[in-house]
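Please read them alongside the coordinates.

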Amino acid sequence: MALLAGAGAGLWWSGRIAHRRLVERLTASSRERDAAFSEPPSTPRVSGSPESHVPMASLGREGARFVHTRAHDDAIRIFVGVDSAVTPEERVELAIAEVVRTGAFERGTIVVQAPAGTGYANPTPIDVVELRTGGDCASIVVGYGLLPSFMSLGYADRAARTQRYLLERLVSLGAHPRLLLYGESLGALVQQLALSAGTTDLDRFGVHSALWVGTPGGVRTDEFRSRCASYICVDSPRDIPQPVPPERVWFLEHDGDPVVRLRRELIGKRPEWLAGPRGRNVPEGMRWSPGITWAQVVVDTLYATDVTPGEFESLGHDYRADLGAVVTAAYGFADTSPSPEELEESLRERERERARLIGEL
């Protein structure tokens, strides 16, 4: 018995050491900047520049990529990394200092994006806003961690507090430009947690529109309807109503996205998406089995973001092919300049160029 207990303790301790080493390796990777983005940006319009209150070294890999790759030279990009300050409140204050320094409130549009766990802020929706507004915009990202999203779920409440405090501070500055919210994957969940009062919070913070993409576990329809007067949920651009309604809250969720479908209840209860007609990219032959289906979806999440730069697919947890049209519709932009085709090609080429700079192509 003592031998078994000792073996169990040894395995537990070995597991802890392996986990700690994994965390150390992943955080070190998230802090390491690409060679192409190692130097401070030359423009004062972004964080990390010589004029910025945010040191370039604190941006991490994702922050450096974000501030270096604007779609329009006039656009403002503010990024505060988790290493830029100790507490969420201090990071938000840095972001507010950047808002004042860059003159972000003088722009027609401000986008607040909640990043994923590593600090990753998808540049594609911001590219769309910058191209649609001709650079008359500013984007703000405040990080809360350095680990992949599946390892950052425990930080969701802290991240939500960061988002809420950021919105409170923006309101405290007085009348602000048109305010848009964007969250993808864990970032989508984080912003929803921050706006727990739904429509009331949208009004309080002066939010014009919110777009939440690929929410882990999906939008819980009954719960959200009780908090928000109305919203739109689409699987792809083909589901966008015409004419486009002026809804304030939009969800983009693929029927076949395992990240969206993964819920704890899936272990012991058949979900609606397997009880009736199949949604897009949900296999017709897929059947629910207690425990087994949940495990299958868990495995599917590991491959849900296996993508090739510049090759957009509306598939799994990859929403790049949808964002040009859905961002345009959700935020109420006209789709004439650039045209949908020109916008799509620009987004693809910009992603290919980013991939070349960081050595992915």
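1. Helix axes here are lines fitted to C-alpha atoms over the stretch in contact, and angles run from 0 to 180 degrees between N-to-C directions. Helices (H or I, at least four residues) and strands (E, at least two) are DSSP runs, numbered from the N terminus. On that basis, the axes of helix 11 and helix 12 (residues 340-357) come within 10 Å and cross at roughly 135°.

2. The model is predicted: local features need pLDDT of at least 70, side-chain atom pairs count only at pLDDT 80 or more, and totals for chains, interfaces and linings use all residues. Residues are numbered from 1 along each chain as its sequence is written, and side-chain values use heavy atoms, with hydrogens and water left out.

3. Angles under 35 degrees count as roughly parallel, over 145 as roughly antiparallel, 65 to 115 as roughly perpendicular and the rest as oblique. Helix 11 and helix 12 are therefore oblique to each other. Their crossing is right-handed; a crossing is called left-handed if the near helix is turned anticlockwise from the far one by less than a right angle, and right-handed if clockwise.

4. Helix 11 also meets helix 4 (residues 123-132). The axes of helix 4 and helix 11 come within 9 Å and cross at roughly 55°, and the two helices are therefore oblique to each other. This crossing, too, is right-handed.

5. The loop between helix 11 and helix 12 contains proline 338. The peptide bond from serine 337 to proline 338 is cis, with omega near -5°. A cis peptide bond also joins glutamine 242 and proline 243, where omega is about -5°; proline 243 is in the loop between strand 6 and strand 7.

6. The structure holds 23 salt bridges, a salt bridge being a side-chain nitrogen of Lys or Arg within 4 Å of a carboxyl oxygen of Asp or Glu. One of them pairs arginine 77 with aspartate 127, with 2.9 Å between the closest N and O atoms. Arginine 77 lies in strand 1 (residues 76-80) and aspartate 127 in helix 4, so the pair ties together parts that are 50 residues apart in sequence.

7. Are the two partners of that pair buried or exposed? Buried means under 20% relative accessible area, exposed over 50%, and partly exposed in between (1.4 Å probe, protein chains only). Arginine 77 is buried at 0%, and aspartate 127 is buried at 0%. Both residues belong to a network of salt bridges that links Arg77, Asp127, Glu130, Arg350 and Arg354.

8. Arginine 204 forms a salt bridge with glutamate 168, with the closest N and O atoms 3.4 Å apart. Arginine 204 lies in helix 7 (residues 199-204) and glutamate 168 in helix 5 (residues 156-172), so this bridge ties together parts that are 36 residues apart in sequence. Arginine 204 is partly exposed, at 46% relative accessible area, and glutamate 168 is partly exposed at 29%.

9. Aspartate 235 and arginine 280 meet in a salt bridge, with 2.4 Å from N to O. Aspartate 235 lies in the loop between strand 6 (232-234) and strand 7 (249-252), and arginine 280 in the loop between helix 9 (258-261) and helix 10, so the pair ties together parts that are 45 residues apart in sequence. Aspartate 235 is buried, at 5% relative accessibility.

10. Asparagine 281 is in the loop between helix 9 and helix 10. Asparagine 281 has a positive phi of about 65° although it is not a glycine, and it is partly exposed at 43%. Serine 185, likewise not a glycine, has a positive phi of about 60°. Serine 185 sits in the loop between strand 4 (178-184) and helix 6 (186-194) and is buried, with a relative accessible area of 15%.

11. Helix 2 (residues 60-68) is mostly covered, with 8 of its 9 residues buried. Among them are Arg61, Glu62 and Arg65.

12. Glycine 108 is in the loop between helix 3 (88-102) and strand 2 (109-114). Glycine 108 is partly exposed, at 32% relative accessibility. The C-alpha atoms of glycine 108 and leucine 179 are 8.9 Å apart, while the two residues are 71 residues apart along the chain.
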